[in-house]
Amino acid sequence: MGQPLLLVRRGQARVRSLLIVAVAATMTLALLSGVRTADAQAYEPDASETAPAGDAMVPERSAVPGGVVPDSAATRAMPSSAAHAHAPSQDEVDQFADRIIEELGTLELLDQLAVFDRGRVVSFDSFASSMMRFISGPKRIDGHPPAFTYLDMTYRPERYMDRAVIYVKKKVIRGRIARVIEEAGREQLQQLRTDPRRALTPEQEAEFQRRVDERLYRFMEYGVISPVLLRDPAVADLMDEMSRDLLRTARAVEEISGAMSLLNPERLKSRLMLLPPPSGDYHDRWHTIDELAAASFDDPEYIGIPAELRADLTTAWRSFATSWGRSDADGVHRAATRLADLLHQVNEDPDIYPSTTRLELESWYFGNRHMTWVWLFYAVALVPLTLFVAFRWPGAYWVGLGLFAVAVLGHTAAFAIRWYISDRFPNSNMFEAVTTAAWMGSVGAIFLELVARKTAMKNLFALAASVSGAVALMCAHFLPVSLTPAISNRMPILHDVWLYIHTNVIIFSYMLIAMAAATSIGYLLLRLLGAKADYARGGGAGTLIGMGAASMSELSPRKPSAPAVLDGATMILLELAFVLLWAGTIMGAIWADHSWGRPWGWDPKEVFALVSFLVFVILVHVRLKTRDKGLWTAWLALFGCGVMVFNWIVINFIISGLHSYA
């Protein structure tokens, strides 16, 4: 390891060094460019991030000229100006949005408001983002923030009567819906051809077909569709058929139906529980301001609110709703300013109404993509860390560790912010499990780097943690539908001390397994490049702990080779993961006995947790008996990682069981 991995002449080594530096600079620039790209998609969405809604899908807004086209799924697939007769034009909407968002900063004022949502008190921005995920998924309608779209759907619902706003996640479902609409279009055109009173000219027919095809193409591409299309009898029959397929399509249909139900102004208003309990009791119900306005003055629910404050709240709220419906940005801003002041006067108890600092921090956290963009720092750190493994450059080592430390600090900040705003340790859903496990792996890598700082294995743990951390945070960043970042309440069964013991031990072991897979890949690449079959003679984690900071060369009667060093790092990670996986499984059985009355029930997640453990039991025994120990260790480490990923992904998202909440 003191020389380049591939022994070449000194002149060739210098040329290769220059090439590596050039590649590293190119990768760094590309990653920095990726920061700008990710930021542009998050805050100035382009076609890949913005849902093209309704009429925005085609240039023209008018119906097919001439002829009368009956109302059907096919004709609804073509934009209709009649549906928007009373709706503001897109230019008017954009001007109103610019005033609200950019010039007046009204949405920032609303961030100071708290909303009670599904058992939690959250900021208005995170509430709106959560609600819009149920409707439009990860797409931003017209590129506007979710808070704006939520209020616009509530107070100008006519704009969304025939707009593509319902998100359909699975492309298979999109294809089946599109085929039904396309078939209805062909039948409609055939009827028009046979009816001379309503026949279209060839040009009109071509225009009709073009618009239908374009709108269906955009539905397949972006996944958003108009609620009018989903209500068509032919599509409704298809949805009813798919709802009976419990294994493949029922869940997707349930999500679409839920989005359709939520896309109702009265439902949206009923979710805006902005009024804290006037009684001051933490356990009392929050209310909407509409409920306050409709209640009598002697209603015991609101007896704690002074009459003057109650009148001011009702007036400000009505002014807000009326101004929004008229696209009066200044009126909306004045009413929002007044509401931000009045609502804090209803109940100022910090145990009930969160501080402005916490609400603004929560909005900032959600507005900045939950800080999952930290994956870029892990990815950039990989460049110098890899250069040190290949060439043993001291400068690359320190630069790599510095960048890795920056990534860990950013990751720790994201972890701490989520803990603070959720008021619980973040490990209660898949998003939190993945991101928290990656954080644990990175912190563990720092500890291992300190222990192994004077061995030939130094840098490898930071390298492995950078790989696994980058992959985990990329999944959280680019798969917001599968790994939902919304903060939810912990299920009652999870209110147990064993949650902090069993769950955290298991996810930490999972991340160590992923890190071991990274070093195993490095070992296999060396073998592929012709390195000799070598392995670590020393005994992994136990030997490292016993040696303290002694040199890795003491583990072997000769200077260790690159494969031996990678194999040693793999064994350290696998041994730690093996112990934690065993301990976590036993603790899970104790928790199951405490919660469900039995320690083991052959639940799918329990079974594959056991399978993961058995893989590493096999690895330990195979290593004792086989001759090519390094090769078998690397392959079994990768196989064990595959089983772990299967357990985390397939079992959680496809196969339901008692652990479906985890």
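Is Cys475 buried, partly exposed or exposed? Select Cys475: its relative accessible area is 31%, so Cys475 is partly exposed (buried means under 20% relative accessible area, exposed over 50%, partly exposed in between, with a 1.4 Å probe and protein chains only). Then select Cys641, which is buried at a relative accessible area of 14%. Disulfides in the model number zero, where a disulfide is a pair of cysteine sulfur atoms within 2.5 Å.

The model is predicted: local features need pLDDT of at least 70 and side-chain atom pairs count only at pLDDT 80 or more, while totals for chains, interfaces and linings use all residues. Residues are numbered from 1 along each chain as its sequence is written, and side-chain values use heavy atoms, with hydrogens and water left out.

**Whole chain**

Show the protein as a cartoon. The protein has 25 helices and six strands; these are DSSP runs numbered from the N terminus, helices being H or I of at least four residues and strands E of at least two. Of the 662 residues, 52% are buried. The protein exposes about 30,200 Å², and carbon and sulfur atoms supply 62% of it (Shrake-Rupley method, 1.4 Å probe; for residues, only the protein chains shown count as cover). Among contacts between residues at least 6 apart in sequence, 77% join residues at least 24 apart; contact means heavy atoms within 4.5 Å.

**The cores**

Select Ile166, Ile177, Ile225, Leu313 and Phe320, the residues with the most contacts inside the largest nonpolar core, which has 85 residues. Such a core is a set of buried Ala, Val, Leu, Ile, Met, Phe, Trp, Tyr and Cys residues joined through side-chain atoms within 4.5 Å. Helix α15 (residues 329–346) gives the most to this core, with nine residues. Now centre on Phe320. Apart from neighbours within four places in sequence, Phe320 is in contact with Leu110, Leu151, Tyr155, Val332, Ala335, Ala336 and Leu339. A second, separate core holds 82 residues, including Leu387, Tyr397, Leu483 and Val565.

**Helix α3**

Select residues 90–103, helix α3. At 1.5 Å a residue its 14 residues should span 20 Å, and the end C-alpha atoms are 18 Å apart, which agrees; the expected span is 1.5 Å times one less than the number of residues. Which residues of α3 are buried? They are Val93, Phe96, Ala97 and Ile100. These cover an arc of only 100° around the axis, so they sit on the same side of α3; the arc is that of the directions from the helix axis to the C-beta atoms. An α-helix has 3.6 residues a turn, so residues three or four places apart point the same way. Turn to the other side of α3 to find Asp91, Gln95, Glu102 and Glu103 exposed. Cover for the buried residues includes α4 (106–110), α6 (146–155), α14 (307–325) and α15. After α3 comes Gly105, with a positive phi near 70°.

**Two loop residues**

Most residues other than glycine have a negative phi. Select Asp142, in the loop between β4 (140–141) and α6: its phi is positive, near 60°, and at 19% relative accessibility Asp142 counts as buried. Then select Arg392, in the loop between α17 (375–391) and α18 (394–422). Arg392 has a positive phi of about 55° and is buried, with a relative accessible area of 18%.

**Last stop**

Select Val622 in helix α24 (residues 604–625). Val622 is partly exposed at 23% relative accessible area. Beyond its neighbours within four places in sequence, Val622 is in contact with Trp632 and Leu636.
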